[in-house]
Amino acid sequence: TLDFVHENQAIGGYRTLNFLNANTDPTLMRTVLSMHIARQYIAAPKANFVRVVINGENWGVYANAQQFNKEFVADNFGTTKGARWKISQANRGGGGFTYQGDDASRYRATFQIKSKDEPEAWSALIDLAKTLDTTPVESLEAALASRIDIDAYLRFLALDNVMNSADAFYQRVADYSLYRDPDGRFHFVFHDANEMLSMGRAELSPLVGQNDTSKPIIAKVLAVPGLRAKYLGYV
């Protein structure tokens with residue numbers, strides 16, 4: 001954290017650097033390569049390599065991934081406003097937008113808010129879960145249009161499938177970031193990409209997860225014929 005001592009101190013406009021140990025990735029390439037690919041299609045963290053030198057001692061090369069903060073939002077959406085959440089590895093599937101009623105406390109363990117904690121942000125998140133739960137298939141695409149950047153989400157889902165992570169969204173609906181822009185639409189953002197391009201699996205179908213009712217953000221969206229066709233086109 002570059003402003004730990006001096007407030008507002010930054011390097012190239014960034015206040016935070018993430019030096020990654022590339023766990024399970026002996027190539028050190030997966031984060032940088034997969035995020036370079038993803039950024040051709042959606043908002044995704046910048047990533048590069050850094051050589052870390054501390055008091056003249058070389059500590060080696062690290063992958064460096066952009067922090068999901070106001071600088072990320074400004075880079076990708078031209079604003080610093082909006083709500084941000086992190087969905088951790090330990091969310092037990094709740095990151096799939098399973099509707100759990102209208103009490104925000106039921107969602108807080110899964111969706112860890114990183115921006116100002118405002119009731120309106122939680123109401124919107126719960127509204128999306130409820131929309132997925134209660135809206136008929138034939139009406140869902142129209143209902144989602146004002147709630148999700150649906151085209152970007154389909155690209156996110158396609159990239160997640162094609163880049164075949166051992167820690168994939170389609171498997172766990174976890175370990176990702178979520179942003180709601182000032183216009184009220186949600187955007188899904190990759191996080192922790194060290195296991196991208198690493199998993200060989202027997203089931204290579206791009207429609208894996210389409211029948212998993214515990215993941216409505218995948219199953220309900222892919223149940224809409226037009227959205228499924230567009231998603232397969234992106235794959």
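Reader: At what angle do α4 and α5 pack, and how far apart are their axes?
Author: In this predicted model, α4 and α5 pack at an angle of about 160°, and their axes are 9 Å apart. Axes are lines fitted to C-alpha atoms, for helices over the stretch in contact, and angles run from 0 to 180 degrees between N-to-C directions. Helices (H or I, at least four residues) and strands (E, at least two) are DSSP runs, numbered from the N terminus.

Reader: Are α4 and α5 roughly parallel or roughly antiparallel?
Author: They are therefore roughly antiparallel to each other. Angles under 35 degrees count as roughly parallel, over 145 as roughly antiparallel, 65 to 115 as roughly perpendicular and the rest as oblique.

Reader: Which residues make that contact?
Author: L128, T131 and L132 of α4 meet L140, A143 and L144 of α5, where contact means heavy atoms within 4.5 Å. These residues divide into five nonpolar, one polar and no charged. Ala, Val, Leu, Ile, Met, Phe, Trp, Tyr, Cys and Pro count as nonpolar, Asp, Glu, Lys and Arg as charged, and the others, Gly among them, as polar.

Reader: Before we go on, what conventions apply to the model?
Author: Residues are numbered from 1 along each chain as its sequence is written, and side-chain values use heavy atoms, with hydrogens and water left out. As the model is predicted, local features need pLDDT of at least 70 and side-chain atom pairs count only at pLDDT 80 or more, while totals for chains, interfaces and linings use all residues.

Reader: Now α6 and α9: what is their packing angle?
Author: Helix α6 (residues 150-162) and helix α9 (residues 225-234) pack at about 50°, with axes 9 Å apart. That makes α6 oblique to α9.

Reader: Which residues of α6 and α9 meet?
Author: From α6, the residues are I150, D151, L154, R155, L157, A158 and N161, and from α9 they are L227, K230, Y231 and Y234. The contact comprises seven nonpolar, one polar and three charged residues.

Reader: Which salt bridge do D151 and K230 make, and how long is it?
Author: Their side chains meet in a salt bridge at 3.9 Å, N to O; the term requires a side-chain nitrogen of Lys or Arg within 4 Å of a carboxyl oxygen of Asp or Glu. D151 in helix α6 and K230 in helix α9 are 79 residues apart. Salt bridges that share partners join D151, R155 and K230 into one network.

Reader: How many salt bridges are there in the whole structure?
Author: A search of the whole structure finds 10. One of them joins E120 and R180 at 3.0 Å, N to O. E120 lies in helix α4 (residues 119-134) and R180 in strand β6 (residues 176-180), 60 residues apart.

Reader: Is R180 buried or exposed?
Author: R180 is buried, with a relative accessible area of 15%, whereas E120 is partly exposed at 46%. Buried means under 20% relative accessible area, exposed over 50%, and partly exposed in between (1.4 Å probe, protein chains only).

Reader: What does R147 pair with?
Author: R147 forms a salt bridge with D127, the closest N and O atoms being 2.6 Å apart. R147 sits in the loop between α5 (137-144) and α6, and D127 in helix α4.

Reader: Changing topic, where is N194 found?
Author: N194 is in the loop between β7 (186-190) and α8 (216-222). At 9% relative accessibility, N194 counts as buried. Not counting residues up to four places away in sequence, N194 touches N23, T24, D25, R30 and T31.
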